[in-house]
Amino acid sequence: MNKKFAVVILLAVLFSISRARAATEPEIFITWRAFSYAPSDFRGKILPSPRTPIAASFTVLENGKAANLSQETVYWYLDNALVYSGRGLQTASLSGSEAEGSFSRLRVQINDYRGRGELVVKTILIPTVSPEAVIAAPFSGDRFSSVNVRLDAIPYFFNVTLRDHLSFIWNVNGQTPTSIEDPATLYMNLAGVAPNSNIAVSLRAQNPARGAENASAARTFIFSP
């Protein structure tokens, strides 16, 4: 047999064996859900703000199938501190970091997988973000022509279950509107306002249950009837 051909065959065999071994290696997949607020039409990942409750779960895939972990002792670590351990423990309740802009390191570990002394481990990073507030308008850009305008406060990532659990304070051109039926909605009647006037609107959203949890937003509109 040609030596070069034999080397090619050997390399192909070794590559196939390597791929077969890789295919059988168990791998952990972790998922998590933060219980902070986001509007029902929000399509992104709901992120935790400081101290947001988080539910996490994991599975192990081996040979393309979910493994039975009922007899495996599982260890959960948060920022290298052991928070849970137990047989078949595939879910955990956690709390987000207290520092905005930081990451929590969540690690799941099985030390003796299948009783064969094999360590199976996975670490993920969970971000902690600041709550946010957005002033939503029913028109594109910052220029509008209608005398009657509705603006809505859209909060994100507060530690509440309903928007109504938050307080909202509006300010229009330096003045606080009165008699607002729905604090999350601002109605402006601009009859008598000069064309091309600037309307400066600011918003402050706050969680009364957590005094330090708040967010602000500001927009300047141009009234162009």
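User: What volume does the largest pocket have?

Analyst: This is a predicted model. Its largest pocket has a volume of about 190 Å³.

User: Which residues line the largest pocket, and how do they divide by class?

Analyst: The lining is made of W32, R33, A34, F35, S36, Y37, A38, K45, I46, V160 and T161. Seven of these residues are nonpolar, two are polar and two are charged.

User: What makes a space a cavity and not a pocket, and how many cavities of 30 Å³ or more are there?

Analyst: In a cavity, a 1.4 Å probe fits but cannot get out; a pocket is an open set. The count comes to one cavity of 30 Å³ or more. The largest cavity has a volume of about 30 Å³. I54, L78, L94, S95, G96, S104 and I126 line this cavity. Four of them are nonpolar, three are polar and none is charged.

User: Why are β5 and β8 called edge strands?

Analyst: Start with the sheet. It is open, has four strands in the order β5-β4-β7-β8, and pairs antiparallel. β5 (81-87) and β8 (118-127) each have a single partner strand, so one side of each lacks a neighbour in the sheet. That puts both at the edges. Neighbouring strands here are turned by 15° against each other on average, direction ignored.

User: How do you know that β4 and β5 pair?

Analyst: Pairing needs at least two bridges. Strand β4 (residues 73-78) and β5 are joined by six, and they run antiparallel.

User: Which strands does β14 pair with?

Analyst: Strand β12 (residues 167-172) is joined to β14 by six bridges, antiparallel. Strand β15 (residues 214-223) is joined to β14 by 10 bridges, also antiparallel. β12 and β15 therefore both count as partners of β14. V172 stands opposite V201 in β14, and I199 stands opposite F221 in β15.

User: Which residues of β14 are on the covered face, and which on the uncovered one?

Analyst: In β14 (residues 197-206), the covered face holds S197, I199, V201, L203 and A205. The uncovered face holds N198, A200, S202, R204 and Q206.

User: What makes the phi of N80 and F157 worth a look?

Analyst: Most residues other than glycine have a negative phi. N80 is not a glycine, yet its phi is positive, about 70°. F157 is not a glycine either, and its phi is also positive at about 70°. N80 is in the loop between β4 and β5. F157 is in the loop between β11 (148-156) and β12.

User: Are N80 and F157 buried or exposed?

Analyst: N80 has a relative accessible area of 57%, over the 50% cut-off, so N80 is exposed. F157 has 7%, under the 20% cut-off, so F157 is buried.

User: Why is G141 called partly exposed?

Analyst: G141 has 46% relative accessibility, which falls between the 20% and 50% cut-offs, so partly exposed is the label. G141 lies in the loop between β9 (132-136) and β10 (143-144). G141 and I222 are 81 residues apart in sequence and 9.6 Å apart in space, C-alpha to C-alpha.

User: Why is the contact of R116 with E62 called a salt bridge?

Analyst: The cut-off is a side-chain nitrogen within 4 Å of a carboxyl oxygen. The closest N and O atoms of R116 and E62 are 2.9 Å apart, so the pair qualifies. R116 is in the loop between β7 (103-113) and β8, and E62 is in strand β2 (residues 53-62), so the pair ties together parts that are 54 residues apart in sequence. R116 is partly exposed at 45%, whereas E62 is buried at 14%. E62, R116 and E118 are linked in a network of salt bridges.

User: How many salt bridges are there, and how do you know that E213 and R210 form one?

Analyst: The count comes to seven. For E213 and R210, the closest N and O atoms are 3.9 Å apart, which is within 4 Å, so this pair counts. E213 is buried at 8%, and R210 is partly exposed at 23%. D152 and R150 also form a salt bridge, with 3.1 Å between the closest N and O atoms.

Definitions and conventions. Residues numbered from 1 in each chain as written. Predicted model: local features only at pLDDT ≥ 70, side-chain atom pairs only at ≥ 80, totals over all residues. Heavy atoms only, no water. 1 Å grid on protein atoms, 1.4 Å probe; cavity = no way out; pocket = protein on both sides within 12 Å on 5 of 7 lines; lining within 4 Å. Points joined across faces, edges and corners; volume = space filled by probe spheres on them. Nonpolar A, V, L, I, M, F, W, Y, C, P; charged D, E, K, R; others polar. Helix = DSSP H or I, 4+ residues; strand = E, 2+ residues; numbered from the N terminus. Axes fitted to C-alpha atoms, helices over the stretch in contact; angles between N-to-C directions. Buried < 20%, exposed > 50% of the residue type's maximum accessible area, 1.4 Å probe, protein only.
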